[in-house]
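The sequence and structure are shown first.

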Amino acid sequence: LNACSSKIVYSGPDRGRQAVWEPFWCSRQCAESILLYPENTEHLQEIVRNSRHVRAVGGGHSATELQCTRGTLVAVQDNFCKTFHLNESTNLATFGAGCSVDDAMRRLLAYKRQLYGFGGITEQRLGGAMSTSLHGQHTMSFAKYVVGLTAVLANASVIRVDDPTELLAWKGSMGRLGVVVEVTLQVHPLQYVTCDTATGTHVELLRALNDSAIVGFEAKRLL
């Protein structure tokens, strides 16, 4: 982990307005950055259009040097958590990329659905979870279940990506391709699990991990 201060305050051009970005583990000090909270996609496009360098930040669970820039940081948090649509026949759900894993799970629970691929921490924002290859106690990562996204590119244009081959470039991209504003995920029927403890050899463990009947604790999260 990086050595961090307790918090860092970012000041924009309007010195009367200050913004604080608190990453999950600790605060990142980007002394030459301006932090902005876009109100919607159109506002984000305007910011990108008028900025020389732009980086996106979310929940800060995977804070790295990539977040700092001599330019503009755009926070994709609750300001991009207004979208939610679930197609119950296909089990495809679209969320604003600023929603946290916890937000998404709570919305899905009302429809007896759940996410796969995350761990015991659920503060990560969906856009960041996809971009940083978030993983949990399932054998597949969170990004495996991303089937589409909407993003703002460096030229301020908005694109929709649904092609599986093109999506591979975005999964684990660390935010370098654009600012993700919406994510469409394959969701799953709600499952309850029985927790059991067993001992065995590493060969038996590896064999068990390939058993599709074994579910990670994502199934009982928030229940």
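## The sheet and its helices

Strand 7 and strand 11 pair in the antiparallel sense, and 5 bridges join them. The model in which this pairing is found is a predicted one. G96 has E182 of strand 11 standing opposite. The two strands belong to an open sheet of 5 strands, arranged in the order 6-7-11-9-10 with antiparallel pairing. Strand 6 and strand 10 (158-161) are the edge strands, each pairing on one side only. From one strand to the next, the twist averages 10°.

Two helices pack on this sheet. Helix 1 touches strand 9, strand 10 and strand 11, and its direction makes about 55° with that of strand 9. Helix 2 touches strand 6 and strand 7, and its direction makes about 135° with that of strand 7.

## The nonpolar core

The largest nonpolar core has 38 residues, of which L115 and L185 touch the most other members. Two or more residues come from each of helix 1 (41-49), strand 7 (92-96), helix 2 (101-109), helix 3 (126-131), strand 9 (146-152), helix 4 (164-170) and strand 11 (179-186). Strand 11 gives the most, with 5 residues. In soluble globular proteins, nonpolar side chains tend to be buried together.

T150 is placed in strand 9. Is T150 buried or exposed? T150 has a relative accessible area of 12% and is therefore buried, the cut-off being under 20%.

The side chain of T150 makes a polar contact of 3.0 Å with the side chain of R160. Beyond its neighbours within four places in sequence, T150 is in contact with V158, I159, R160, V179, V180, V181 and E182.

## Salt bridges between separate parts of the chain

The count of salt bridges comes to 4. One of them joins the side chains of D78 and R125, at 2.8 Å from N to O. This pair links distant parts of the chain, 47 residues apart: D78 lies in the loop between strand 5 (72-75) and strand 6 (84-87), and R125 in the loop between strand 8 (113-114) and helix 3. D78 counts as exposed because its relative accessibility is 52%, where exposed means over 50%. R125, at 16% relative accessibility, counts as buried.

Another salt bridge is formed by E88 and R113, whose closest N and O atoms are 3.9 Å apart. E88 lies in the loop between strand 6 and strand 7, while R113 is in strand 8, so the pair ties together parts that are 25 residues apart in sequence. E88 is partly exposed, with a relative accessible area of 47%, whereas R113 is buried at 13%.

R106, by contrast, counts as exposed at 51% relative accessibility.

Technical notes: Residues numbered from 1 in each chain as written. Predicted model: local features only at pLDDT ≥ 70, side-chain atom pairs only at ≥ 80, totals over all residues. Heavy atoms only, no water. Core = buried A, V, L, I, M, F, W, Y, C linked by side-chain atoms within 4.5 Å. Buried < 20%, exposed > 50% of the residue type's maximum accessible area, 1.4 Å probe, protein only. Helix = DSSP H or I, 4+ residues; strand = E, 2+ residues; numbered from the N terminus. Polar contact = N/O pair within 3.5 Å; in protein donor to acceptor, adjacent residues only side chain to side chain. Contact = heavy atoms within 4.5 Å. Pairing = 2+ DSSP bridges. Axes fitted to C-alpha atoms, helices over the stretch in contact; angles between N-to-C directions.
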